[in-house]
Every structure is written in structure tokens, then in C-alpha cells.
Amino acid sequence: MSPDLIRPADPALADALTTIFPADRLSATIPDRIAYARDLWPMGQFWARQGVFPHPPDAIVWPEAVGEIVALLRLANARRFPVIPMGAGSGVCGGTLAHRGGVILDLKRMKRVRHLDEASLLVTAEAGIIGQHLEEWLNGRGYTLGHFPSSIYCSSFGGWIATRSAGQLSTKYGKIEDMVMGIEGVLPDGTVFASKVSPRTAAGPRLDQLLVGSEGTLAVITAATARVRPVAEARRFAGYVYEDVHAGLEAIRKVMRQGLDPAAVRLYDETDTALSLSALGLDATGCLLVLVFEDVAGLCDVKADLADAICRAGGGRALGPGPGEHWFKHRYDISYKQSHVYQAGMMVDTIEVATTWSNLDRLYDAMRASIGERMTCLAHFSHVYPEGGSIYFTFVGPPGEEGDIETYRSVWNDAMNACVKMGATITHHHGVGLLKAPWMKDEHGPLIEMYHAVKRALDPNNILNPGKLVP
Ligand SMILES: Cc1cc2nc3c(=O)[nH]c(=O)nc-3n(C[C@H](O)[C@H](O)[C@H](O)COP(=O)(O)OP(=O)(O)OC[C@H]3O[C@@H](n4cnc5c(N)ncnc54)[C@H](O)[C@@H]3O)c2cc1C
């Protein structure tokens, strides 16, 4: 591979790292630096297609012990190089790009499940474990984390916490921030910490929650304790078609208002419905709603029956369990089909925003209008709560010639500005990274100063994932 492809690494840095990491857990080779030069932000696909790798790290290290992370952070402070924590690199916002060079700290070798406290329903695991491995380990003992992001095969426990991730059954089990009960890690100056695990507390704000969503900028998360639940005994599926998105949303809102606790709720707009139903061999216009319930045996049926009455009364035409069963069986497929789109010379990306019930329809209309005709846009509503829900837009564009990167960027700009204008949050679960950092001031207003103050106090040399989250 030609060394001209990427900027040269700092040889002195790689030498210094050999004092901490053995040769088989440290690399500054060009293939490794290229492999770690992008995450799954679609901009990385553009660059790779053009044969450019603008953000390679100088080196990658694979720690196996907390002491190695402490030593690395001390060295980074002494020599002033960036350290970028990384789980599995499935982030879609450029969160692990080494845009100022430095060292990628890949945590995948720290992957032990340490302890299952069955009486308290708590599991403690190291941050680098891949989500599916943690879930299988728990399932083997009769438990579930209840966290099923579409990237479960290629994302880590620590990455979930660092990005405030959401799983497909978030309506029942919550997002990762609802599950995390304690965090262990290392602060930028090398201080090791472990927060206290307690069901609830009134000892001031929960400071470890500040790290949930901190995207590697405030601490390296090395392990965490999370809530688990017994695997559900029963599952029920239901499908309905509504005349339009607004009728479907109203039915969902009423189901949530009654506290009927569905595990998954997915309402597809007309374009997304056409795609989903054609996969089932069904021909229907309108908007498809899929509900999944899971619970202890008796309760599951009671909740599903009560919801069924609400959905029919709201104008839903019942389709039986078929659409829900089909979605459940294929629930991890769709995200991995994007490569066909790229191979066809097109581009695709997703925007996931959230707001309250009283604002949700209007947000949907405003954001669709902001994307306009520049790209094909489809959407579904897939994480709902009694207070509101999220909208997941997919936009697919024309051939990805160089100039089309401008179209892609302008779609993002206009969609984010529309979201801010509507008072909605700019991200429900993908996080911020480099991509959405320019809107963080709009998101938080004057409170963003709290983040800056904490960052300055903990990381005066700005070594931990600089430039991410907030420009
Ligand atoms: C096909 C596909 C489907 C997806 N579906 C979902 C979904 O359903 N729900 C969802 O929430 N997201 C989804 N995502 C996005 C992504 O998987 C999540 O953001 C995930 O939480 C990232 O985990 P990771 O381990 O890959 O993190 P990485 O990409 O490695 O890192 C993401 C950010 O977290 C920081 N970080 C990672 N580990 C640590 C650590 N131990 N300590 C401190 N900081 C750390 C990094 O510095 C970076 O800023 C999807 C992505 C893809 C490609």
C-alpha cells in the first residue's frame, strides 16, 4: 500500500507508546491506520470511494488493563497528543475520527462479563464487549439487557453508554441511560474512578450520568453496571394500516397514555410502508403500524388485547401478526443493506430526532419539507414514550459524485436547522460526533457552558477526543 495515501505518522509517538504496550497490541502500520481512519458516518464512505483518508490516527493501541490506559493518558498529557476512545467503530457521526491525529484507544480486548447479581438484577461488564456477546451471555442465564440497537453485532457496551444509544425495544426497556447504574473509568489526567451502584440516590446530581453521552470527551469508560430483566415468557405481534401518519400517531399516543407498555412500536410513513409491505407480498396504501408486546404470559395478552381495541377504534385496519413477525425476524437486516446503495453509486444516511406528542406531527412535516425533493426521503416513528417519540428519516440520494457531497451537507444543514426551529432534540440516539457538533449550542443554550466548564476542569490539555460533541 502506498505510504502517500495518508499523512505520515509521528514516529516518536509510536516509539513512546512501546514503553506501555507490547508490540502485538500497538500498531502504526499504514493498513491499520487506514482501517481506523473512519467510523460508519457516510462521509467516510465518500472519502474511501475517492481513495482519500483524511483523518488517520498516528497509532492504535489495544489495552487489556486499566493501568495501561492510565499510563497512556499520562503520556498524552505530557506530550500533548489526542487520545480517542473507541468501542467497535459503528458510530455514524464521525465520533472516532482522528481529525487532529493522535492515538485510537480500542477497548475491544477489555470484554469480560465480571458479575451477575441475580438478586439485584444487575450485570457488570467491561466496556469493550460487543453487545450481542453480552446479550447471549445473559440469555444463557435467563436474563436480557433489553437493549437491541440494529448495530448489536458491531457495537460495544461502552460505545452504547458513550453515545446514549437506543435499542429497538426502548419503549419497554428504556434507552441505555435508563439502564446504567454505575460506571468505572479513567479521567483525562489518569485518575481511576468507580461510581457507587445504588437503586436511587439523593446525594446531589448523579455525576456518572454526565459521562453517559459524553462521547469519549470526558473519560474513558472501562466497565459499567447495568440493570437486567428476566427474559420475557410470551410475545405477541400486531399490525394495522392507517390512512395517514397522523391517524397512526394518534392511535399510538392513546396506547401509551393507557400505560399498555408495548416493547416495540413502529409506524411507517407512506413511502416506508410501501417498501415494508412489498417485502411481505402485501399491497396496501397508507401507513403501517407494528406493535410488539412481551411480558409474563398472562399480562402480555391483556396488554395486547387492550391495545388492539384502541388501534381498531382509531381507524386501524388489522393485518394480524404477520407484519410484526416479519419485522422481528428481519430486525437487524435493513441497516446492513446500505452497501448495495453505495455500490450503485448512491448515498444514504439517516436522521433521528425526537420531540413531545404535541409537537411530533408538526416536526415530521417541517423536516420532510426541509429535505424537499433533493433526495428521496422516507421515515418511521420507532421509539415512543408516554411523553413523545422519535422520528427516523432515511434519505437516499443521487449518484455520489464529488459535487453531491454539497447536496448531502445542505440536506443535513437544512434538516438540523428545521429541527432546532421546531424545538425538537437534534438526536434521539445516534449522538453528535463531528457531524452534529455545530448544533450543540442551539440544543443546550446557555447550559452548554456547564459542559465547557467540566471539560476545561477535567481535561485542561484537551487530549480526550478533542473537537467531538462540541466544536
Ligand atoms: C448498521 C447500524 C445500525 C445502527 N443502529 C443503531 C441503533 O439501533 N441504535 C443506536 O443507538 N445506534 C445505532 N447505530 C449507531 C451506533 O451503533 C451506536 O452509536 C453505538 O452506540 C456505537 O457503539 P460503538 O461501540 O461502535 O462506538 P464507537 O463508534 O466506537 O464510538 C462512538 C463514540 O463513543 C465513544 N466511545 C466508545 N467507547 C467508549 C468508551 N469505552 N469510553 C469512552 N468513550 C467511548 C467514542 O470516542 C465515540 O465518540 C447504528 C449504526 C450502524 C452502523
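Two strands are taken to pair if DSSP finds at least two bridges between them. In this predicted model, that criterion bears on an open sheet of four strands, whose order is E1-E2-E4-E3 and whose pairing is mixed. Strand E1 (26-27) and strand E3 (83-86) stand at the edges of the sheet, and because each has a single partner strand, one side of each is left without a neighbour in the sheet. Strand E2, covering residues 59-61, and strand E4, covering residues 103-106, run parallel and are joined by three bridges; within this pair, Ala59 is placed opposite Val103 of E4.

The side chain of His147 forms a polar contact of 2.9 Å with the side chain of Ser165. When residues up to four places away in sequence are not counted, His147 touches Ser165 together with Ile152, Trp160, Ala166, Gly167, Ile176 and Met179.

Asn462 is located in the segment that follows helix H17 (448-458), and with a relative accessibility of 32% Asn462 counts as partly exposed. Once neighbours within four places in sequence are left aside, Asn462 is in contact with Arg100 and Lys455. Between Asn462 and Val255, which are separated by 207 residues in sequence, the distance in space from C-alpha to C-alpha is 47 Å.

Definitions and conventions:
Residues numbered from 1 in each chain as written. Predicted model: local features only at pLDDT ≥ 70, side-chain atom pairs only at ≥ 80, totals over all residues. Heavy atoms only, no water. Polar contact = N/O pair within 3.5 Å; in protein donor to acceptor, adjacent residues only side chain to side chain. Contact = heavy atoms within 4.5 Å. Helix = DSSP H or I, 4+ residues; strand = E, 2+ residues; numbered from the N terminus. Buried < 20%, exposed > 50% of the residue type's maximum accessible area, 1.4 Å probe, protein only.
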